[in-house]
Amino acid sequence: MIDVATFGETMAALRASDPIRLGGTMRLSVAGAESNVAIGLARLGHRVRWTGLVGADETGELVLRTLRAEGVDVSHARSDGRGPTGLILFERRIGDLTRVIYHRAGSAASYLATGDVLPALDPAPRLLHVTGITPALGPGPAAAVGAAVRTAAEAGVRVCLDVNHRSRLWSRDAAAEVLRPLASRLSVVIASDDELELVAPASAATEQDRVSALLDAGVSEVVIKRGADGATGHTLAETLHAKARRVPVTDLVGAGDAFVAGHLSGLLDGLDLAGRLERAVTAGAFAVASPGDWEGLPTRAELGLLDALPGSTLR
Ligand code: ATP
């Protein structure tokens, strides 16, 4: 049985250590919010399926090969010649400030349709994870997210949404119009503090109102990511804050996806809210303290590494 099914766009990712306009060397990898979560969960020992469309091109092969190598089931993913595999460029500009440049309009993933994702939910997984990026890719992907959420919820599968607003893909109003109607079918909502209003009812004025409205609508758990300030988790029974782990910042991109992987891993393991948040901030810290979106994510055996004394050598 698949523990977590997810789907979305995964792109070829090029990382430049110098400003791109100056040229130089780039490192090739892959990146996508949902596949980052999938890799994080697979490393923690869960059975994960990622579904999506890549171009009929070599970077598409790289995406599928990478996910396979990480132990992610890609049996329902496929290449589609209508568009290329998307491309994302990362440029370290100053200090830990990263600039992200997308070439994803018209990509293969923008053709994703309901018929591509529903078969991947049969037999039903334990959890479905979606992000607010996928419905911003176009009408087909938006319909696929709506249908997948509806199908999963009706089958009793818990659904997690990471709001993940991408302002270059769509406006806040457009996102809210699509995401708010999903709320009553969600079990877990994960959002940054400025994203919660995109899924909570417009009438809710404060963060507490938004959390209460979501819990009243049937969401089991609302988790707010607060960067270096950690995260807050709310259920009907309790509210808990988890501090971020103190780590040297190497690369902030991907922290949110790592956090989601840690949190869902805790949920699958039956941990309580404190345990789920602890695993989430631990996974987030691994992403922050290592280069790349997902490359530094921990295996289950490595979760305790952050407790090693600074400067120690593991033998
Ligand atoms: P992104 O979209 O860049 O992946 P996000 O905005 O979705 O990130 P953040 O709130 O930045 O998510 O980070 C998610 C989690 O990662 C935080 O809740 C925290 O636990 C951890 N984290 C983020 N920044 C730091 C940091 N500087 N030090 C330690 N942990 C961090």
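**Cavity, pockets and ligand**

Biologist: Which residues line the largest cavity?

Modeller: Ala5, Thr6, Phe7, Arg49, Thr51, Val117, Ala120 and Leu121 make up the lining of the largest cavity. Here a cavity is a set of points, on a 1 Å grid over the protein atoms alone, where a 1.4 Å probe fits but cannot get out, and lining residues have an atom within 4 Å of a point. Keep in mind that this is a predicted model: local features need pLDDT of at least 70, side-chain atom pairs count only at pLDDT 80 or more, and totals for chains, interfaces and linings use all residues. Residues are numbered from 1 along each chain as its sequence is written, and side-chain values use heavy atoms, with hydrogens and water left out.

Biologist: Which elements give two or more residues to that lining?

Modeller: Strand 1 (4-7) and strand 4 (48-51) do. Strand 1 gives the most, with 3 residues. Strands are DSSP runs of E with at least two residues, helices are runs of H or I with at least four, and both are numbered from the N terminus.

Biologist: What's the volume of the largest cavity?

Modeller: About 30 Å³. A volume is the space filled by probe spheres set on the grid points, which are joined across faces, edges and corners. The count is 1 cavity of 30 Å³ or more.

Biologist: How many residues surround the ligand?

Modeller: 18, with Lys225, Gly227, Gly230, Arg245 and Gly256 the closest. The cut-off for being near is a heavy atom of the residue within 4 Å of the molecule. Helix 7 (255-268) and helix 8 (273-288) each supply at least two residues of that shell.

Biologist: Which glycine backbone has a polar atom 2.7 Å from a ligand oxygen?

Modeller: That's Gly227. Gly230 has a polar backbone atom 2.9 Å from a ligand oxygen, and for Gly256 the distance is also 2.9 Å. Taken alone, the ligand exposes 630 Å², and the protein buries 82% of that. Those areas use the Shrake-Rupley method with a 1.4 Å probe.

Biologist: What about the second largest pocket, which residues lie nearest its centre?

Modeller: Val247, Leu305, Leu306, Ala308 and Leu309, out of 15 lining residues. The second largest pocket has a volume of about 300 Å³, and its lining divides into 10 nonpolar, 4 polar and 1 charged.

Biologist: Switching to backbone: where's the cis peptide bond?

Modeller: It joins Asp122 and Pro123, with omega about 0°. Pro123 is in the loop between helix 3 (114-117) and strand 9 (127-131).

Biologist: And what is phi of Asn164?

Modeller: Near 40°, a positive value in a residue other than glycine. Asn164 is in the loop between strand 10 (158-162) and helix 5 (172-179).

Technical notes:
Polar contact = N/O pair within 3.5 Å; in protein donor to acceptor, adjacent residues only side chain to side chain. 1 Å grid on protein atoms, 1.4 Å probe; cavity = no way out; pocket = protein on both sides within 12 Å on 5 of 7 lines; lining within 4 Å. Nonpolar A, V, L, I, M, F, W, Y, C, P; charged D, E, K, R; others polar.
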